[in-house]
Amino acid sequence: MQKANLIWLDGKMVPWDQAQVHVLTHTLHYGLGVFEGIRCYELTAGGSAIFRLRTHIERLYDSARILLLDVPFPMAEVMQACKDAISKNGLKHGYIRPIIFMGDGEMGLHAKNQTRVSVAAWPWGTYLGDEGVKKGIRTKISSFTRHHVNATMNKAKTCATYVNSILAKREAVMAGYEEAILLDTEGYVAEATGENIFIVKQGTVKTTPAGASILDGITAASVRTLLKDLSIEVISEKFTRDELYLADEVFLTGTAAEITPIREVDDRMIGPGKPGPVTQQIQQLFFEIVRGQNKKYAAWLDQV
């Protein structure tokens, strides 16, 4: 990680290395916290803009509500903190990480400690690699299952639930793959460790429905809009792993991964083994939008 200079913590900017919490911070022990990943892009015409900032912060507050965390700052202040984390660190582009967590005081599962909020930003390249974005990545079906909808609240982007993703990711990387794909408790394709998944078959796009065992991604929702605007049929329904094998194209979406094609699943080549036309079209349009080159979607960008 490339350090920046400042982090917004509980209402004020503090030096990066002084943004500290106590070792008995409740969330460190029990995982009761929520967070977001947000990207800021350098615009072609100059300046910088954050992609879908309000939507991300609204989901952050929704996640906190699900976990019964009372946020001590209004939404507008946290949105401004995201902009300040970019501008006051002199960043032209970067990754923004707001987190809401329970501080120290009491221990135990029923503790009622102070809710704390932090916003950090730093430079971060493409999560799955530039080559992965261009040529596609190799993936495997994980031996780990995605959470049942009534085991963890999948509408919340919760700190603790990412242990499931970490286990799946480590398993995949240790086996020589770039990413893992998890199935749900019924055996249907859910999502990757930090990304939603889309398949293309004979010109029709299919993606896992939002009510399933997935986090309904903001990038994924944006891509569904783009597909509809391009008059490409997109269906939200469950699909099986063999449908994944037989797809013409497969791609992942997420804030960190952006639009990353998959060229192989479980040692089976997807289509011709390289990004297909639908994936390439969505990639091109997405990067035009985030760089401010497409005015139709200008409302998705918040100028810094």
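Helices in this tour are DSSP runs of H or I, at least four residues in length, numbered from the N terminus. The model is predicted.

**Helix α8.** Select residues 277-290, which form helix α8. The 14 residues of α8 span 20 Å from the first C-alpha to the last, close to the 20 Å expected at 1.5 Å a residue. Colour the buried positions of α8 next: Val278, Thr279, Ile282, Gln283, Leu285, Phe286, Phe287, Ile289 and Val290. Then move to Gly292, which follows α8 and has a positive phi, near 80°.

**The largest pocket.** Centre the view on Phe35, Lys157, Tyr162, Thr193 and Gly194, which lie nearest the centre of the largest pocket among its 38 lining residues. The space in this pocket amounts to about 770 Å³. Show α2 (53-66), β6 (94-102), α5 (162-174), α6 (218-229) and β14 (249-254), the elements that each give two or more residues to the lining. Which element gives the most to this lining? It is α5, with 4 residues. Coloured by class, the lining of the largest pocket shows 17 polar, 14 nonpolar and 7 charged residues.

**The second largest pocket.** Here the space is about 440 Å³. Select Ala19, Val21, Ile99, Phe101 and Ser118, the closest to the centre of the second largest pocket out of the 18 residues that line it. By class, the lining of the second largest pocket comprises 12 nonpolar, 5 polar and 1 charged.

Terms used
Residues numbered from 1 in each chain as written. Predicted model: local features only at pLDDT ≥ 70, side-chain atom pairs only at ≥ 80, totals over all residues. Heavy atoms only, no water. Expected span 1.5 Å × (residues − 1). Buried < 20%, exposed > 50% of the residue type's maximum accessible area, 1.4 Å probe, protein only. 1 Å grid on protein atoms, 1.4 Å probe; cavity = no way out; pocket = protein on both sides within 12 Å on 5 of 7 lines; lining within 4 Å. Points joined across faces, edges and corners; volume = space filled by probe spheres on them. Nonpolar A, V, L, I, M, F, W, Y, C, P; charged D, E, K, R; others polar.
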